[in-house]
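Subject: Structure for you to look at

Dear colleague,

I am passing on a structure that you have not seen before, together with some notes on what turned up in it. Please have a look at it first and then read on.

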Amino acid sequence: MDLISSLSLGELALSFSRVPLFPVFDLSYFIVSIIYLKYEPGSVELSRRHPVASWLCAMLHCFGSYILADLLLGEPIIDYFSNSSSILLASGVWYLIFFCPLDLFYKCVCFLPVKLIFVAMKEVVRVRKIAVGIHHAHHHYHHGWFIMIATGWVKGSGVALLSNLEQLLRGVWKPETNEILHMSFPTKASLYGAILFTLQQTRWLPVSKASLIFVFTMFMVSCKVFLTATHSHSSPFDVLEGYICPVLFGATWGGDHHHDNHGAPHGMGLGTQHSGLPAKAKEELSEGFRKKKTKKAD
């Protein structure tokens, strides 16, 4: 108790910000990222038929944020691949998740209590990447607020923003799943976090970087662990956005419903198909349905 009381929040935050990410936290980041890759339909078949393409998709899941950030800042996009230790570690995780006998490794890391630990550790890496990305952009563009925000955003959610490119590597093209159109919670949180870290970096937010990293990491870990444990795809920001967006943009704000009609071809539900018919055709369809119903009753 004396140790806890003697350790102030600032010292705790400073110590937390200095915890090295490699190899433990990076390992957790790679595991969760490649688990999500395996969730994608057809990814297992792709790993058997085209292992090189599957490995490239895995590397994009693990290092896509670095690639996109380097592209924004005009640096070599393969620069991070010079880090051989991380590449080998991510490759080992990819092999174990896809090719371990009896799927033992995959089953172990997907066991919910274990997976929640990895998810929490991944969020630690995400927040640290946002902070480092903004610091790096500030070094090049001292007054480029939008550049700093964009760099921090892609550092935190670059994998999701590159989802269409990753789909092309798997031979899939689904432009309607663009992350810009349907932002997930990590993508939104990364954007808001990038704004906060940019304000801190430019001295408009009067808190230390270590304290902001600590507080925002606790927020991300709490939200993501809860969403994963409850298998929820909602966002804690939905309620706030439901009030603010109609005021700012003058339109009725609703959640994304692009997952509601998976059973219908080309994303069209039954109501959507009928709404596209002319009025006369609708009447004939309704009349035919009533006749069929009457015939059944007879």
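With which side chain does the side chain of Lys188 make a polar contact? The partner is the side chain of Glu241, at 2.9 Å, where a polar contact is a pair of N or O atoms within 3.5 Å; within protein, one of them must be able to donate a hydrogen and the other to accept it, and residues adjacent in sequence count only if both atoms are side-chain atoms.

Before going further, please note that this is a predicted model, in which local features need pLDDT of at least 70 and side-chain atom pairs count only at pLDDT 80 or more, while totals for chains, interfaces and linings use all residues. Residues are numbered from 1 along each chain as its sequence is written, and side-chain values use heavy atoms, with hydrogens and water left out.

Lys188 belongs to helix 11, residues 185-201; helices here are DSSP runs of H or I with at least four residues, numbered from the N terminus. Its relative accessibility is 11%, so Lys188 counts as buried (buried is under 20% relative accessible area, exposed over 50% and partly exposed in between, with a 1.4 Å probe and protein chains only). Apart from neighbours within four places in sequence, Lys188 is in contact with Met183, Ser235, Phe237, Asp238 and Glu241, contact meaning heavy atoms within 4.5 Å.

The aromatic rings deserve a paragraph of their own. The structure holds 18 aromatic pairs; rings of Phe, Tyr and Trp (its six-membered ring) pair if their centres lie within 6.5 Å, and planes under 30 degrees apart count as stacked, over 60 as edge-to-face and the rest as tilted. One of them is the edge-to-face pair of Phe16 and Phe214, with 5.6 Å centre to centre and 80° between the planes. Phe16 lies in helix 2 (residues 9-17) and Phe214 in helix 12 (residues 209-229), so this pair ties together parts that are 198 residues apart in sequence. Phe16 is buried, with a relative accessible area of 17%, and Phe214 is buried too, at 16%. Tyr192 and Phe237 form another edge-to-face pair, at 4.8 Å centre to centre and with 85° between the planes. This pair links distant parts of the chain, 45 residues apart, with Tyr192 in helix 11 and Phe237 in the loop between helix 12 and helix 13 (238-249). Tyr192 counts as partly exposed at 32% relative accessibility, whereas Phe237 counts as buried at 13%.

Beyond four places in sequence, the contacts of Phe197 include Val127, Ile130, Leu212 and Phe216.

Finally, a word on confidence. The chain averages a pLDDT of 84, and 82% of the residues score at least 70, pLDDT being the predictor's confidence in each residue, from 0 to 100. It stays under 50 over residues 1-6, for which the model has one contact beyond four places in sequence, and pLDDT also stays under 50 over residues 257-298, for which there are twelve such contacts. Where pLDDT is low, the predicted coordinates should not be read in detail.

Note on methods. Helices (H or I, at least four residues) and strands (E, at least two) are DSSP runs, numbered from the N terminus.
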